[in-house]
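Reader: I have the model open beside its sequence and would like to talk it through with you. Could we start with the charged pairs and then move on to the fold?

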Amino acid sequence: MSYNAINKTILLPDGREITIETGKLAKQADGSVVVKMGNTMLLAAVVSNKEAREGVDFLPLSVDYQEKFASSGKIPGGFLKREARLSDYEVLVSRLVDRILRPIFPEDYHAETQMTIHLISADTEIMPDALAALAASAALAVSDIPFNGPISEVRVARIDGQLIINPTRTDLERADIDLMVGASYDSVAMVEGEMNEVSEAEMLEAIQFAHEAIKVQCKAQMELTELVGKQQKREYSHEIHDEELRAKVREATYTQTYEVAKRGSANKADRKEGFAAVLDAFIASLGEDHTYDMGLIKTYYHDVEKEAVRNMILNDRVRLDGRALDQIRPIWTEVNYLPATHGSAIFTRGETQSLTTVTLGTKLDEQLIDSAMVSGTSKFLLHYNFPAFSTGEVRPNRGPGRREIGHGNLALRALKKVLPAESENPYTIRIVSDILESNGSSSMATVCAGSLALMDAGVPVKGAVSGIAMGLITDEQTGKFAVLSDILGDEDHLGDMDFKVAGTKNGITACQMDIKVQGLSHEIMTQALEQAHAGRMHILNEMSKTLAEPNADYKPHTPRSFNIVIDKEFIGAVIGPGGKVIQQIQKDTGATIIIEEKNEKGHVNIFASNQEAMDSAISKIKGIVAQPEIGEVYIGKVKSIQPYGAFVEFMPGKDGLLHISEIKHERLESMDGVLEIGEEVKVKLIDVDKKTGKFKLSRKAILPKPEASQQQ
């Protein structure tokens, strides 16, 4: 049996190749492809039901990206030894694909659709996340599922001053710009990434460079569709409308809805009640015996509300809460709110509030990473929580969802750029943002609160970081547009763009953009970034009124850290047989001690909750690794007594013989009653036997001679 596989090759700007193959694997799916670059191979398969479920008025799309451990010759860790729930990284890649894929489906297509992407072969240098959306779009392109594609995503990085598409993992380590860009042939629709405090112009240049590469990938998919003969997509009918009712709803409610939008209430609940009152009045006007579909009435009124709000902003140049287009909501901040934490901050902007904490831990607190592509540790963690009460809702707590993981990752990328270098930071840092109120851009509130909490904790960050979410309202017919600074939740829902930008006074450190309209112009994007810059500077200024720079020291209850570099040969001595020595030091002092071998040296990290414990641990470590010096005086402890003298431990793990003749200037006949086991005695190291390495100690060498005593 043979397969009629069809292949398409895509050339990257530097000449490397990506191939798309279809017709060989997963043929019972509606569409499936294998995308290959180097030894990295992704299998994408999509299935969509023929009919929509009754009552569903949205697209039930699920996107799952999963890495098979076998793809890189590994067996999963843990007890089960099999792939289980998606890791945070896999969730983040799934979100990248979902955010660019979801908008390309027709608005009236409501059939349940599942996109599955598997990493089936891994190349350590070729990163699969930059290929996942291409694979997903190609699977749709060779199917009969309706979609307004194709689209693709690429990674664009600036390395040594040069922009590169889909760089290798090794080269990416040197990048000062790392962006994932998603687009159709005509326009950019999604951007996410991190940067080393770069300018808005530099980021725009990278986005445009990425779009040129995406155009090539979209054209290749169009040609692939023709090769497999899937230009004609399936017919469907998932919505039934009543145009007479639609017109009736608009005629009766538009003017009142426009007036509610124009009131400019700063309270979300007041606006919600105002819009609901218009709908309730319309329903009441129909009488109790009306036969209209209530679901359609609510759908049509939602459309009216969206139209009225957008027109009000475009025509009157004011916002739902009465602000100007570029005006930031009132901000108040506070630090050190939680006295028992290592660092804490409250950041409140309008009706969005984050309570954020910083915890400084040891190397033992690092997060272990075990994935198909990467194994290692991470010492900077940021967790974002979004409880139901933050929006006045009731819902079960099922742990963090994909949204929480995505928002936390964006804030992490924004803040990690200002952390001290790893060689200068002994701590594992965990930031936790609990959103207590939410009405727009809680992820950017997390950035601001996280920055303040780091400074409150005394972490020597390079600078403060603020974040802002930008929105957009456009009208294709008139050409009018309005760029909105610091958007509300309603403006995000009803608008055409959600563009989050975070950075310091020196430049951008992270961004995330989702665009819901086609053909976003360079002019609009430039204005959005300029307006975002002004907003970020305003927020930074407000934050500085509370705390302008990191505290000079850590909190008193923060574990203190001290590093000692020792010769490699002493690592075993510090650890001891079976860890006996280091465990005893930790037990005696209460400190935590971690030893690593780096660059042929032993690096000893000591963490202690108070200075006394720190000093004691340092003394014991230094005692073990110190080299005995002839002529030095030590305070030792008698370990055993023999007829010819006593053995004294004058340094940890180092015993020397204090001969009976070296105890006093006077002659001693025996050791009876001279010294006791456990007694401390001051001794001088007078010699080291060159053959045996044994130490010779003397007490009389540091005692005054009898003649001198008599003269005194």
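Reader: How many salt bridges does a search of the whole structure find?

Author: This is a predicted model, and a search through the whole of it finds 48 salt bridges. In one of them the side chains of aspartate 30 and arginine 234 meet, at 3.3 Å from N to O.

Reader: Which parts does the pair of aspartate 30 and arginine 234 tie together?

Author: Aspartate 30 sits in the loop between β2 (17-22) and β3 (31-37), while arginine 234 belongs to the loop between α4 (200-228) and α5 (243-262), so the pair ties together parts that are 204 residues apart in sequence.

Reader: And is arginine 234 buried or exposed?

Author: Arginine 234 is buried, with a relative accessible area of 11%, whereas aspartate 30, at 21%, is partly exposed.

Reader: What does glutamate 600 form a salt bridge with?

Author: Its partner is lysine 568, and the closest N and O atoms are 3.3 Å apart. Glutamate 600 lies in the loop between β23 (592-598) and β24 (601-608) and lysine 568 in the loop between β22 (560-567) and α12 (571-575), so this pair links parts that are 32 residues apart in sequence. Glutamate 600 is exposed, with a relative accessible area of 53%, and lysine 568 is partly exposed at 38%.

Reader: Which residues do salt bridges with shared partners join into one network?

Author: That network includes Arg99, Asp129, Arg155, Asp178 and Glu192, and among its other members are Arg413 and Asp514.

Reader: Switching to the fold, why is strand β5 largely enclosed by the rest of the structure?

Author: Strand β5 covers residues 61-67, and five of its seven residues are buried, so the rest of the structure largely encloses it. Seven bridges join β5 to strand β6 (residues 113-121), and the two run parallel. Between them the chain passes through helix α1 (residues 88-101), and this β-α-β crossover is left-handed.

Reader: How many helices and strands does the protein come to?

Author: The secondary structure comes to 15 helices and 29 strands. The radius of gyration is 34 Å, well over the 27 Å that the globule rule gives for 712 residues, so the protein is more spread out than a compact globule. Along the principal axes, its C-alpha atoms fill a box of roughly 125 × 70 × 50 Å.

Reader: Last one: which residues does glycine 656 touch?

Author: Leaving aside residues up to four places away in sequence, glycine 656 touches Ala646, Phe647, Val648, Phe650, Phe695 and Leu697. This glycine lies in strand β27 (residues 654-659) and counts as buried at 1% relative accessibility.

Methods
Residues numbered from 1 in each chain as written. Predicted model: local features only at pLDDT ≥ 70, side-chain atom pairs only at ≥ 80, totals over all residues. Heavy atoms only, no water. Buried < 20%, exposed > 50% of the residue type's maximum accessible area, 1.4 Å probe, protein only. Helix = DSSP H or I, 4+ residues; strand = E, 2+ residues; numbered from the N terminus. Pairing = 2+ DSSP bridges. Right-handed = clockwise from strand over helix to strand, strands pointing away. Rg over C-alpha atoms; globule rule 2.2 N^0.38 Å. Contact = heavy atoms within 4.5 Å. Salt bridge = Lys/Arg side-chain N within 4 Å of Asp/Glu carboxyl O.
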